[in-house]
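Biologist: Kindly take me through the classifications in this structure, setting each value beside its criterion.

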Amino acid sequence: MANNLIAELTQHLNSRHLYPTTQWLQSFTGTIRPNTPLPALKQTALFRLLAADITTALSQPANGLFPTDILKATNQSRPLVGPVVCQVLDIEDIGHSKWSQVEAIEARERGETTKGREVIRVVPGEDGNPIEEPPQSRGPFKLLLQDAKGLKVYAYDLNGIEGLNASMNMGTKLLLRNCDVRRGVIMLEPGFVQILGGKIEALDKMWKDGRKDRLIAAAKAEGNDGA
């Protein structure tokens, strides 16, 4: 029965280009409740896998990884055929100054947002959620991506791909197909990037807790360089 269940889960996850390690599958099946319906188990397995660190949870085939020489800057342009599964370790809004991003964070901390030149106080609605959310920046963005082997590669989103923004969860899993790699940097284009979801809790908390301080430090460093 256990072998049949692992086979079913493996097929379900493989169909989404996710190839979990045997260790991860055995660990997962050891935590499930008896008599849980198979569809629910499949959804739970997918959810937990997307919340895991892919460097320990996945054993991807060669075409599901970044090429080992992807960082070779002498390659002016090369295709990344994929499908490659990777996770987001960092994202930087390069379309707005660092100080303006610090100000936006501080406005949210005060419970304020802006509409045009008008400052609006955002108060919780009856359900406890803010009535009005501040608009998300459309970038462009610089991301740091990591594949299942741990190889880290920078990528640019110059066209405002839906779901990619500075408020996204760190550890979000992306599926890349037919992307252009220019001098060791992946160019992300709408239609070639699928956001699978997920979040690595510890990474996400650390990243978000430290974002304001990182922006301030980087802004001051840029100011010193220009002095």
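Modeller: Contact means heavy atoms within 4.5 Å. The model is predicted, so local features need pLDDT of at least 70 and side-chain atom pairs count only at pLDDT 80 or more, while totals for chains, interfaces and linings use all residues. Residues are numbered from 1 along each chain as its sequence is written, and side-chain values use heavy atoms, with hydrogens and water left out.

Biologist: How many helices and strands does the protein chain have?

Modeller: The protein chain comes to six helices and 10 strands; these are DSSP runs (helices H or I, at least four residues; strands E, at least two), numbered from the N terminus. Of its 227 residues, 39% count as buried, where buried means under 20% relative accessible area, exposed over 50% and partly exposed in between, with a 1.4 Å probe and protein chains only. Among contacts in the protein chain with a separation of 6 or more, 70% join residues 24 or more positions apart.

Biologist: What covers the buried residues of α2?

Modeller: The cover includes α1, α3 (38-50) and α4 (54-57). The buried residues of α2 are Trp24, Leu25, Phe28 and Thr29.

Biologist: Why are these residues said to line one face of α2?

Modeller: Viewed down the axis of α2, the buried residues fall within an arc of 125°, and therefore they line one face of the helix. That arc is taken over the directions from the helix axis to the C-beta atoms. On the face of α2 turned away from the buried side are the exposed residues Thr22 and Gln23.

Biologist: Why are α1 and α2 called oblique?

Modeller: The axes of α1 (residues 2-14) and α2 (residues 22-29) come within 11 Å and cross at roughly 120°. Axes are lines fitted to C-alpha atoms, for helices over the stretch in contact, and angles run from 0 to 180 degrees between N-to-C directions. Angles under 35 degrees count as roughly parallel, over 145 as roughly antiparallel, 65 to 115 as roughly perpendicular and the rest as oblique. The pair α1 and α2 is therefore oblique. The contact is made by Leu5, Ile6, Leu9, Thr10 and Leu13 of α1 with Trp24, Leu25, Gln26, Phe28 and Thr29 of α2. By class, these residues are seven nonpolar, three polar and no charged; Ala, Val, Leu, Ile, Met, Phe, Trp, Tyr, Cys and Pro count as nonpolar, Asp, Glu, Lys and Arg as charged, and the others, Gly among them, as polar.

Biologist: What is the orientation of α1 and α3 to each other?

Modeller: The axes of α1 and α3 come within 10 Å and cross at roughly 60°. The two helices are therefore oblique to each other. In α1, Leu5, Glu8, Leu9, His12 and Leu13 meet Leu38, Leu41, Lys42, Gln43, Ala45, Leu46 and Leu49 of α3. This contact has eight nonpolar, two polar and two charged residues.

Biologist: Why does Thr21 count as buried?

Modeller: Thr21 lies in the loop between α1 and α2. Its relative accessibility is 17%, so Thr21 counts as buried. Leaving aside residues up to four places away in sequence, Thr21 touches Thr56, Ala57, Leu58 and Ser59.

Biologist: Why is Gly184 also placed in the buried class?

Modeller: Gly184 is situated in the loop between β8 (179-182) and β9 (185-188). Gly184 has 9% relative accessibility and is therefore buried. Gly184 and Ile70 are 114 residues apart in sequence, yet 5.5 Å apart in space, C-alpha to C-alpha. Beyond residues up to four places away in sequence, Gly184 touches Ile70, Leu71, Lys72, Asn75, Val153 and Tyr154.

Biologist: What is the omega of the peptide bond from Gly82 to Pro83?

Modeller: Omega is near 5°, and the bond is cis. Pro83 lies in the loop between β1 (78-80) and β2 (84-93).
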